[in-house]
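Here are my notes on the model. They follow the order in which I would check things on screen.

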Amino acid sequence: MKSFRGQALSWELRDGVVELSLHREPCNEIGSLTLDDLEQFVQALDILEEQAHALIIYSELKAGFCAGADLRELYRRSQELERSDAVSGVRDYLEHIHRVLNRIDASPLTTIAAVHGVTFGGGFELALVCDLIIADKMARFCFPELRLGLIPGFGGIPRLKRDLGNAVVRDLLLTGRSFNATKVQQIGLVSQVVAEGESLRAARATAAQLGKFDRRTAIAAKKFIKPIPYEELQEEIDIFCELFAQPAVEAGLRKFVESEDAQPYLP
């Protein structure tokens, strides 16, 4: 399947580049709807990888790349079930999304996240799956999960540890503060910072350049320099589920859901 239009995301293959666009209002929150579409995408990857050399992930929405997990859906499900069943359901969901993101992480394609605006929580974790992050100057990166009594659950901690020094990981994780595009470039997380609204154009130019090189070399290099920390990823799921069972999490999710702020995920 060379193209697809779902409720949360779409993809298209052209000129050897797969473009995966996020378009779920209000800011591409990742819930069961997005996960279903992502599942279809990774199933199509086997075919797409035979015809492409690069993958670009970007957002069509003005608000930003992705605000993270769909916390309203998470809260609603937690209220519908007994606590033990809710924790079991969260574990199943995390295992599912880890399988999807691990598949993208391990893809032989060179993967590029073109981000702008809000790139928080699970959206930050989606960007971290990619080989390169290109950000416009207005992008902001944050792990706000601490204020909910949680840690990132989509693989963010092990992937940050893979890519950055522990001091930066602790700062992002324990303070919950946001970093701007200049800061994340300084610490080596973002490869390019471009003018506002230019991240997708820059990603397309980079993907075109990648097409000039031998694919076998790029695949071998990626496999060598980008190991996937499977054991730590599983440990992250275990810790998330332990924390999810605590009363503080229910209170934090309730506060988020009842917030009247237009963008309650902002710090």
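1. A charge counts as sitting over a ring if NZ of Lys or CZ of Arg is within 6 Å of the ring centre and within 35 degrees of the ring normal. K183 and F179 meet that test: the charged end of K183 sits over the ring of F179, 5.5 Å from its centre. Keep in mind throughout that this is a predicted model.

2. K183 can also be placed against helix 5. L160 lies in that helix. L160 and K183 are 23 residues apart along the chain, and their C-alpha atoms are separated by 15 Å. Is L160 buried or exposed? L160 is buried, at 1% relative accessibility.

3. One aromatic cluster is formed by F4, W11 and F41. In general, a pair of aromatic rings is described by the distance of the centres and the angle of the planes.

4. Now the pockets. Rolling a probe the size of a water molecule over the atoms shows where empty space is left. The largest pocket holds about 790 Å³ of space. Its lining comprises 41 residues. Nearest the centre of this pocket lie A69, D70, L71, L148 and F256.

5. Which helices supply at least two residues each to the lining of the largest pocket? They are helix 2 (71-80), helix 3 (83-105), helix 4 (122-129) and helix 11 (247-258). Helix 2 gives the most, with 6 residues. By class, the lining of the largest pocket has 20 nonpolar, 12 charged and 9 polar residues.

6. The second largest pocket has about 460 Å³ of space. It is lined by 23 residues, and C130, D131, L132, I225 and K226 are the closest to its centre. The lining divides into 12 nonpolar, 7 charged and 4 polar residues.

7. Four elements each supply at least two residues of the lining of the second largest pocket: helix 4, strand 8 (132-136), helix 5 (156-163) and helix 9 (215-225). Helix 9 gives the most here, with 6 residues. Helix 4 deserves a look in both places. It supplies at least two residues to the lining of the largest pocket, and at least two to that of the second largest pocket.

8. How many disulfides does a search of the whole structure find? The search finds 0. A disulfide needs two cysteine sulfur atoms within 2.5 Å. For C66, the closest cysteine sulfur is in C27, at 6.5 Å, so the two are too far apart for a bond. C66 is buried, with a relative accessible area of 0%.

9. C241 is in no disulfide either. The nearest cysteine sulfur to that of C241 belongs to C66 and is 20 Å away. C241 is buried, with a relative accessible area of 4%.

10. Next, the backbone. Most residues other than glycine have a negative phi, and most peptide bonds are trans. A cis peptide bond joins E25 and P26, with omega about 5°. P26 is found in the loop between strand 3 (17-22) and helix 1 (32-51). Please look at this bond on screen.

11. That loop between strand 3 and helix 1 also contains N28. N28 is not a glycine, yet has a positive phi of about 60°. N28 is buried, with a relative accessible area of 4%.

12. D15 is not a glycine and has a positive phi of about 55°. D15 lies in the loop between strand 2 (9-14) and strand 3. Is D15 buried or exposed? D15 is exposed, with a relative accessible area of 76%.

13. One more loop residue is Q7. Q7 lies between strand 1 (3-5) and strand 2, in the loop. At 60% relative accessibility, Q7 counts as exposed. Q7 and G68 are 61 residues apart in sequence and 17 Å apart in space, C-alpha to C-alpha.

14. To recap the points I would view again: the cis bond between E25 and P26, the positive phi of N28 and the positive phi of D15.

Technical notes: Residues numbered from 1 in each chain as written. Predicted model: local features only at pLDDT ≥ 70, side-chain atom pairs only at ≥ 80, totals over all residues. Heavy atoms only, no water. 1 Å grid on protein atoms, 1.4 Å probe; cavity = no way out; pocket = protein on both sides within 12 Å on 5 of 7 lines; lining within 4 Å. Points joined across faces, edges and corners; volume = space filled by probe spheres on them. Nonpolar A, V, L, I, M, F, W, Y, C, P; charged D, E, K, R; others polar. Phe/Tyr/Trp six-rings, centres within 6.5 Å; stacked < 30°, edge-to-face > 60°. Buried < 20%, exposed > 50% of the residue type's maximum accessible area, 1.4 Å probe, protein only.
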